Amino acid sequence: MATIEIGGVAIPESALTWNFVRASGPGGQNVNKVATAAECRLDLDLGGFDQDVRQRLERLAGSRLTAAGEVLIVAENQRTQARNRADALERLGALIEAARTPPKPRVATRVSATQKAKRRADKRHRGEVKRQRKPPDGY
């Protein structure tokens with residue numbers, strides 16, 4: 001079984017499905033005749049990802065994730081099929097690479113007592129400035 005290296009992961013070629021369609025936008029007569037836009041579908045079931053990587057990949061894919069559990073990448077910026085295919089693979093690799101890096105754990109922090117005191121003093125000072133703007137009591 002042939003594999004392809006994408007984003008630092010060996011993925012079986014059977015997990016990728018390619019479809020070439022006509023690209024939108026300007027391009028003269030060529031845009032109406034040649035199917036240069038590349039649609040790459042990565043089947044997550046066949047991709048062989050770890051469970052945590054798969055979950056992060058699904059979250060990062062967002063609207064590019066289909067109901068069938070495939071990540072859909074559409075590349076149509078280049079003028080040739082080969083360059084659009086390479087662009088789609090590069091974008092898919094970046095997505096997989098981002099999913100492979102685990103998120104940094106959040107470190108809980110607290111506001112120091114000095115900062116709390118400074119905030120209260122600033123609020124008091126601000127209130128005093130606003131009180132000084134009022135007209136005196138006899139008007």
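The model is predicted, so local features need pLDDT of at least 70, side-chain atom pairs count only at pLDDT 80 or more, and totals for chains, interfaces and linings use all residues. Residues are numbered from 1 along each chain as its sequence is written, and side-chain values use heavy atoms, with hydrogens and water left out.

Start with confidence. The chain averages a pLDDT of 89, where pLDDT is the predictor's confidence in each residue, from 0 to 100. A score of at least 70 is reached by 96% of the residues. Among the elements, H1 has the lowest mean pLDDT, 74. Helix H5 (residues 113–133) has the highest, 96.

Next comes the fold. The chain has 5 helices and 5 strands. These are DSSP runs numbered from the N terminus: helices are H or I with at least four residues, strands are E with at least two. Along the sequence, the pattern reads β-β-β-α-β-α-α-β-α-α. The radius of gyration of the chain is 27 Å, well over the 14 Å that the globule rule gives for 139 residues, so the chain is more spread out than a compact globule. That radius is taken over C-alpha atoms, and the globule rule is 2.2 Å times the number of residues to the power 0.38. Along the principal axes, the C-alpha atoms fill a box of roughly 85 × 45 × 25 Å.

Now the surface. The chain exposes about 10,100 Å², an area from the Shrake-Rupley method with a 1.4 Å probe; for residues, only the protein chains shown count as cover. Buried residues make up 27% of the 139 residues. Buried means under 20% relative accessible area, exposed over 50%, and partly exposed in between (1.4 Å probe, protein chains only). The chain carries 26 positive and 16 negative charges, and their mean positions are 15 Å apart. Lys and Arg count as positive, Asp and Glu as negative; His and the chain ends are not counted. A charge is placed at NZ of Lys, CZ of Arg, CG of Asp or CD of Glu.

Contacts tie the sequence together. A contact means heavy atoms within 4.5 Å. Among contacts between residues at least 6 apart in sequence, 56% join residues at least 24 apart.

Gly7 is a place to look. It sits in the loop between strand S1 (3–6) and strand S2 (9–12). Gly7 is buried, at 18% relative accessible area. Not counting residues up to four places away in sequence, Gly7 touches Gly93, Ile96, Glu97 and Arg100. Leu89 lies 82 residues from Gly7 in sequence, yet their C-alpha atoms are 9.0 Å apart.

Move to Thr36. Its loop runs between helix H1 (30–33) and strand S4 (37–43). Thr36 is buried, with a relative accessible area of 10%. Leaving aside neighbours within four places in sequence, its contacts include Phe20, Val21, Arg79 and Gln81.

Gln81 belongs to helix H4 (residues 81–100). Gln81 is partly exposed, at 36% relative accessibility. With neighbours within four places in sequence set aside, Gln81 contacts Phe20, Ala35 and Thr36.

Val107 is exposed, at 63% relative accessibility. Val107 and Arg59 are 48 residues apart in sequence and 22 Å apart in space, C-alpha to C-alpha.
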